[in-house]
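Please open the model in your viewer and keep the sequence panel beside it. The stops below say what to select next and what is there.

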Amino acid sequence: MNEHLEKLRKRLRISYDTFDDEITGLMEACKKDLEQSGIYGDLSDPLYLQAVVLYEKAFFGDNEDMEKMEKAYQSLKTSMALSGDYNGQKQSD
C-alpha cells in the first residue's frame with residue numbers, strides 16, 4: 001500500500017503525509033466505483049492507476065480543474081468498462 005500511496009502523492013504533487021488518510025480513502029472509493037462499473041484491476045496497471053489518479057484529482061482538495069478531471073475520469077472509466085480487458089476477477093494490490 002505504501003508504494004501506491006507514494007505514487008499517488010507524486011501524481012498529486014504532494015511531498016508530505018498530512019493528507020494520506022484522505023488520499024487512501026479516495027483511492028478505496030475509486031476502486032469501489034470502478035468495481036461497481038464492472039472494472040477490476042490493480043494499481044500496478046498503468047491505465048487502472050491513471051483512473052485512480054484522475055479520481056483523486058477530481059475529488060481531492062479544491063482546485064479549478066475538478067470538473068474537468070471528473071469528466072476525464074468518467075470517460076476513462078467508460079472506455080475501460082467497454083474494452084473488456086478489465087472485467088475479470090477481482091485482483092489484489
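Rings of Phe, Tyr and Trp (its six-membered ring) are taken to pair if their centres lie within 6.5 Å, with planes under 30 degrees apart counted as stacked, over 60 as edge-to-face and the rest as tilted. This is a predicted model, in which local features need pLDDT of at least 70 and side-chain atom pairs count only at pLDDT 80 or more, while totals for chains, interfaces and linings use all residues. Residues are numbered from 1 along each chain as its sequence is written, and side-chain values use heavy atoms, with hydrogens and water left out.

Begin by selecting Tyr 16, Phe 19 and Phe 60, which form one aromatic cluster. By the ring rule there are four aromatic pairs, and one of them is the tilted pair of Tyr 16 and Phe 19, at 6.0 Å centre to centre and 55° between the planes. Tyr 16 is partly exposed at 43% relative accessibility, and Phe 19 is partly exposed at 32%, where buried means under 20% relative accessible area, exposed over 50% and partly exposed in between (1.4 Å probe, protein chains only).

Next, select Tyr 55 and Phe 59, whose ring centres are 4.7 Å apart with planes at 50°, so this pair is tilted too. Both residues lie in helix α3, four residues apart, about one turn of the helix; helices (H or I, at least four residues) and strands (E, at least two) are DSSP runs, numbered from the N terminus. Tyr 55 is buried at 12% relative accessible area, whereas Phe 59 is partly exposed at 33%.

Now show the whole of α3. The buried residues of α3, among them Tyr 48, Val 52 and Tyr 55, pack against α1, α2 and α4.

Finally, select Arg 13, in the loop between α1 and α2. Its phi is near 60°, a positive value in a residue other than glycine, and Arg 13 is exposed, with a relative accessible area of 70%.

Methods. Contact means heavy atoms within 4.5 Å.
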